[in-house]
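Dear colleague,

I am passing on a structure that I would like you to look over, and my notes on it follow below.

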Amino acid sequence: MGRQDTSSARGKASASGSRTGRTPSPAVYRRRRLFVGAALLMVAAMVFGGFAVAGAFSGSSDQVSSTGTPTGGSTAAAPDAQPSATPSSTPTPTPTPTPTPTCNQNLVTVSASTDKAAYGPDESPVLSLKVTNGGTMPCEVNIGTSQMEFLVTSGADRIFSSRDCQATSEDLVKVIEPGASETANFPWARNRTLEGCQPIAAKPGAGGAYYIFTAKLGSRASPKAVFQLG
């Protein structure tokens, strides 16, 4: 009875050993390799995809939790996402000062006039030199005797100049407002003069002769003013 049981056990063990030691077929090996490879690819895709999404939100390769703080074992607090209050290092440009407007000296004009159009034999003309600021800004103008000249001519004949016998020559700078004028009057004694104040006995002609008065201020000259001596 004991030997029969032993023999039966050996037979079962032999049968089981023969099944366990059987070599799998090549088709089985291929199926196993394909399964393992597919599993590895799925794991790799899940890991790469996780880092890619995390990087898109955090700006780095660290994954981001639902609270927005970096994960991976660090316990440091998340940096403040608000803009820094540090002043900008860019210097503030200094505003360019607006240049002070200046007057246009070309708009300062000189005009000549006499107090009458015709004079009798015993009357002396009063010659007037008028300076006008025709611009929109106040102008400083030198209206001193150093700049003025009262000139009387008759055709090509130079009759009189206030500069010929001028005793003093002075500057007088005045501010003339826009549209304003300054006037200087010169009583002419109906005499002739020569440059250098040389003596001359001749007198201007009378009897209804016409004369021309030109007022000058520096390089400016007035239009001609015509008058008659009786």
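Is threonine 193 buried or exposed? Threonine 193 is buried, because its relative accessible area is 5% (buried means under 20% relative accessible area, exposed over 50%, partly exposed in between, with a 1.4 Å probe and protein chains only). Please note that this is a predicted model, in which local features need pLDDT of at least 70 and side-chain atom pairs count only at pLDDT 80 or more, while totals for chains, interfaces and linings use all residues. Residues are numbered from 1 along each chain as its sequence is written, and side-chain values use heavy atoms, with hydrogens and water left out.

Threonine 193 lies in the loop between strand 8 and strand 9 (strands are DSSP runs of E, at least two residues, numbered from the N terminus), and its side chain reaches the backbone nitrogen of serine 161 at 3.1 Å. Arginine 192 is placed in the loop between strand 8 (181-187) and strand 9 (209-217), and its side chain makes a polar contact with that of aspartate 157 at 2.7 Å (a pair of N or O atoms within 3.5 Å, where within protein one must be able to donate a hydrogen and the other to accept it, and residues adjacent in sequence count only if both atoms are side-chain atoms).

As for the sheet, three strands form an open, antiparallel arrangement in the order 1-3-8 (two strands pair if DSSP finds at least two bridges between them), with strand 1 (108-114) and strand 8 at the edges, each pairing on one side only. Strand 3 (residues 126-133) pairs with strand 8 over seven bridges in the antiparallel sense, and serine 128 stands opposite asparagine 185 in strand 8.

Conventions: Helices (H or I, at least four residues) and strands (E, at least two) are DSSP runs, numbered from the N terminus.
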